[in-house]
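Please look at the structure below.

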Amino acid sequence: MDQYTVLTGDRSKIKDLLCSRLTECGWRDEVRLMCRTILLEKGTNNSFTVEQLITEVTPKARTLVPDAVKKELLMKIRTILTENEEEADEAEDEP
């Protein structure tokens with residue numbers, strides 16, 4: 001079983017954890033404010049598309065994710081992989 005297959009079962013849990021942590025730390029509010037600012041500056045004539053907004057905001061938003069959130073998610077993923085690896089080893093050992 002590869003790591004991707006293992007993670008897909010827990011993807012929802014990881015995604016929920018990420019969303020709650022980003023909300024708790026204020027990241028979502030910062031990104032929302034950043035989007036509003038960009039739209040006010042560049043979107044006055046309705047020619048600024050959603051794709052353009054995403055292209056401009058994404059790199060900046062990624063840098064705003066706190067290291068503590070990144071580390072927590074990495075630890076959660078490692079824990080899930082370790083638990084699933086141990087379960088697979090136990091299943092192989094059973095007759």
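A search of the whole structure finds 0 disulfides, a disulfide being a pair of cysteine sulfur atoms within 2.5 Å. The model is predicted, and local features need pLDDT of at least 70, side-chain atom pairs count only at pLDDT 80 or more, while totals for chains, interfaces and linings use all residues. Residues are numbered from 1 along each chain as its sequence is written, and side-chain values use heavy atoms, with hydrogens and water left out.

Buried means under 20% relative accessible area, exposed over 50%, and partly exposed in between (1.4 Å probe, protein chains only).

| Residue | Relative accessible area | Class |
|---|---|---|
| Cys19 | 36% | partly exposed |
| Cys35 | 19% | buried |
| Glu72 | 29% | partly exposed |

The protein has 4 helices and 0 strands, and the pattern along the sequence reads α-α-α-α. Helices (H or I, at least four residues) and strands (E, at least two) are DSSP runs, numbered from the N terminus.

Of the 95 residues of the protein, 22% count as buried. The accessible surface is about 7,500 Å², and carbon and sulfur atoms hold 54% of that area; accessible areas come from the Shrake-Rupley method with a 1.4 Å probe, and for residues only the protein chains shown count as cover.

In soluble globular proteins, nonpolar side chains tend to be buried together. Here the largest nonpolar core has 16 residues, and Trp27, Val31, Ile38, Leu53 and Val57 have the most contacts inside it. Helices α1 (3–24), α2 (27–42), α3 (50–64) and α4 each supply at least two residues of this core, with α2 giving the most, 5 residues. A nonpolar core is a set of buried Ala, Val, Leu, Ile, Met, Phe, Trp, Tyr and Cys residues joined through side-chain atoms within 4.5 Å.

Which residues does Leu53 touch, not counting residues up to four places away in sequence? They are Cys35, Ile38, Leu39 and Phe48, where contact means heavy atoms within 4.5 Å. Among contacts in the protein with a separation of 6 or more, 65% are between residues 24 or more positions apart.

Glu72 lies in helix α4 (residues 67–93). Apart from neighbours within four places in sequence, Glu72 is in contact with Leu17 and Arg21. Glu72 and Arg21 are 51 residues apart along the chain, and their C-alpha atoms are separated by 9.4 Å.
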